[in-house]
Amino acid sequence: MRNLRTLIQPYQPCPTAWRKPACRTKDEEMKICVIGTGRMGSALASVLLKQRHDVAVWNRTASRCLPLVQQGAVALPSVADTLATSDVVIVNVIDYRVSDELLHAPEAADALAGKTVVQLTSGSPAQAREAHAWSAERGIGYLDGAIMSTPNFIGTDAASLLYSGPKSAFDAAHPAVIDFGIATHVGTDPGLACALDVALLAQMWGKLFGTLQAIAVCGAEGVDLDTFSRHIPRFAPTVKGATDDLIARARDDRLAGDEQTLASIGAHHAAFHHLLEIVREKRLDAGVADAFDRLFRRAIDRGHLDDDFAALVPLLARRA
Ligand code: NAP
């Protein structure tokens, strides 16, 4: 059995950045429940309690609700009973399969009628659209959300949460979700928040996998990691400029090389060659470098040597 201390390991909030509890009128106090009190669900519930809402919680492993009960939450033994207490239902479990298992059970589905579900479990756009369709058929308000933050930032302005789905659902949930962080309704298509989430994470993974590659190069060539780290902010304006330029060119379909091109594919590939050399000479794993090289070579084979880096855009786009 896992010991209780491990189970009750609350996230560490940023102590200085908490939003002050709002001065609520009686009308603004909401009955809210949180289904799933793992790391993220606990952070969300904790903010709701700090903001003086009535909060009920449910978690498969009941002991994980204890710190929230100590903060004033009510923990109930069944999902259906927990849903019945509230107008707004925040769901944050590991994935949509689990969420569907919990919410689609007949008693739970009955208890949800007329309420608003805010789905904050990470999922795909297709899963979000399906969940919305299921809810709409049953007269349940549905708002899908993506949390672009780790639990320690929840409740501060450093947390960004994206929401999509009917505006009426966003308006109904707004008093509940407003204190989690910066809340943005990105559109009425319920899949949009998940789509933007995946796009932003793809960008993050590009950076993280690039950093793994850089760490390997530093290790092989005797560059200490503190030195590497110190130079990242100095290079950052250039990287940001190139990223912004790439997005603007993709948006405007300006893929050919022109007067404003910062570096052609040929120039990029010549510099990139030095990474390939180190990878081969020092026998580093070639997975990341080879994947990038294949893209460069496909573009060059198609005659884009002198074109802008943005000429790589169609290579990753949907195939016709
Ligand atoms: P976590 O600490 O592992 O919590 C997972 C939650 O899902 C727990 O409440 C867990 O219950 C529940 N769960 C898992 N399997 C279940 C099952 N079969 N039946 C019922 N409940 C089940 O994970 P987390 O970090 O809080 O993540 C929760 C969601 O938030 C995920 O969708 C994640 O992608 C998303 N998210 C997390 C972060 C982050 O930084 N942590 C950031 C953005 C989004 P038990 O306690 O009983 O295991």
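Which polar side-chain atom lies 2.6 Å from an oxygen atom of the ligand? It belongs to asparagine 59.

This is a predicted model, where local features need pLDDT of at least 70, side-chain atom pairs count only at pLDDT 80 or more, and totals for chains, interfaces and linings use all residues. Residues are numbered from 1 along each chain as its sequence is written, and side-chain values use heavy atoms, without hydrogens and water.

View 1. The polar side-chain atom of asparagine 59 lies 2.6 Å from a ligand oxygen. The protein covers 79% of the 890 Å² of accessible area that the ligand has on its own (Shrake-Rupley method, 1.4 Å probe).

**View 2. The open sheet of 8 strands.** Strands are DSSP E runs of at least two residues; two strands pair if DSSP finds at least two bridges between them. The order is S3-S2-S1-S4-S5-S6-S7-S8, with mixed pairing. S3 (74–75) and S8 are the edges; each has a single partner strand, so one side of each lacks a neighbour in the sheet.

**View 3. Parallel pairing of S5 and S6.** S5 (residues 116–119) and S6 (residues 141–147) are joined by 4 bridges. Valine 117 faces tyrosine 142 in S6.

**View 4. Parallel pairing of S7 and S8.** S7 (residues 160–164) and S8 (residues 182–187) share 5 bridges. Serine 160 stands opposite isoleucine 182 in S8.

Terms used:
A polar contact is a pair of N or O atoms within 3.5 Å; within protein, one must be able to donate a hydrogen and the other to accept it, and residues adjacent in sequence count only if both atoms are side-chain atoms.
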